[in-house]
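Biologist: I am new to this structure and would like to learn how to read its features one at a time. Could you show it to me and begin with how charged side chains pair?

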Amino acid sequence: MGSPLIGAWGISYGGWIITQVACLEKTFHKLILVEPLLNIQHVIWSSPIGKEIRRKLKRLGISHSETEPHLRLACPSFSMPKVRGDNILIVGGQFDPISPPWILKKIQEKWEAKHLYILPVGHLNYTLTPESFKLASKCWKDDFSIDDH
């Protein structure tokens, strides 16, 4: 409604979608990514949630190496968001097999994201939702302050 600044907050698959948009458009001023799916190759071929997709791909005779050249079209890890690194907050789980810390750390380095927090939880842990807002208000105090006037 006319605001010049827009923030986006996405969890898991929602983080993947938001990051895809952020790599194409200058829509967002801030990104809060909670356990985002940023490495689709890992999600499909190595994580527990990719089991059914792997089974179907293998049944069709499609191998891991055959999918790799096409991932640049669907995988945010191959792109750069049009958001400054100090405006990106990434929150992950230490025991997350779907969006593991090593992937999030590689993305943080590539994007020069200033804020990365890894907490002792697994994927889609309900504590990360409120914690991500606490961390965002800590990282960007001025954006979350309420003016009493």
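Modeller: A salt bridge here is a side-chain nitrogen of Lys or Arg within 4 Å of a carboxyl oxygen of Asp or Glu. In this predicted model, the side chains of Lys-30 and Asp-143 meet in such a bridge, with 3.1 Å from N to O. The pair links distant parts of the chain, since Lys-30 belongs to strand β2 (residues 30–34) and Asp-143 to helix α7, 113 residues apart.

Biologist: How many salt bridges does the structure hold?

Modeller: As a general idea, side chains of opposite charge can pair when their charged atoms come close. The structure holds three salt bridges. One of them joins Arg-55 and Glu-52, whose closest N and O atoms are 2.4 Å apart; both residues lie in helix α3 (residues 51–59), three residues apart, which is about one turn of the helix. Arg-55 is partly exposed because its relative accessible area is 43%, and Glu-52 is partly exposed because its value is 39%. Another bridge is formed by the side chains of Arg-84 and Asp-86, at 2.9 Å from N to O. With a relative accessible area of 53%, Arg-84 is exposed, while Asp-86, at 30%, counts as partly exposed.

Biologist: Which residues have the most contacts inside the largest nonpolar core?

Modeller: A nonpolar core is a set of buried nonpolar residues joined through side-chain atoms. The largest one here has 16 residues, and those with the most contacts inside it are Phe-28, Leu-31, Leu-33, Ile-88 and Ile-90. Two or more residues are given to this core by each of α1, β2, β3 (88–93) and α5 (101–111), and α5 supplies the largest share, four residues. To follow one member, look at Leu-33: leaving aside residues up to four places away in sequence, its contacts include Gly-10, Ile-18, Ile-88, Ile-90 and Trp-111.

Biologist: What should I look for in the backbone angle phi?

Modeller: Ser-12, although not a glycine, has a positive phi of about 55 degrees, and its place is in the loop between β1 (7–11) and α1. Glu-35 also has a positive value, near 50 degrees, and sits in the loop between β2 and α2 (40–45). Ser-12 counts as buried because its relative accessibility is 9%, and Glu-35 counts as buried because its value is 1%.

Biologist: Which elements of the chain have the lowest and the highest mean pLDDT?

Modeller: pLDDT is the predictor's confidence in each residue, from 0 to 100. The chain has a mean of 91, with 95% of its residues reaching 70 or more. Among its elements, helix α7 (residues 141–144) has the lowest mean, 80, and strand β4 (residues 115–119) the highest, 97. Helix α7 is also where Asp-143, the partner of Lys-30, is placed.

Definitions and conventions
Residues are numbered from 1 along each chain as its sequence is written. Side-chain values use heavy atoms; hydrogens and water are left out. Buried means under 20% relative accessible area, exposed over 50%, partly exposed in between (1.4 Å probe, protein chains only). A nonpolar core is a set of buried Ala, Val, Leu, Ile, Met, Phe, Trp, Tyr and Cys residues joined through side-chain atoms within 4.5 Å. Contact means heavy atoms within 4.5 Å.
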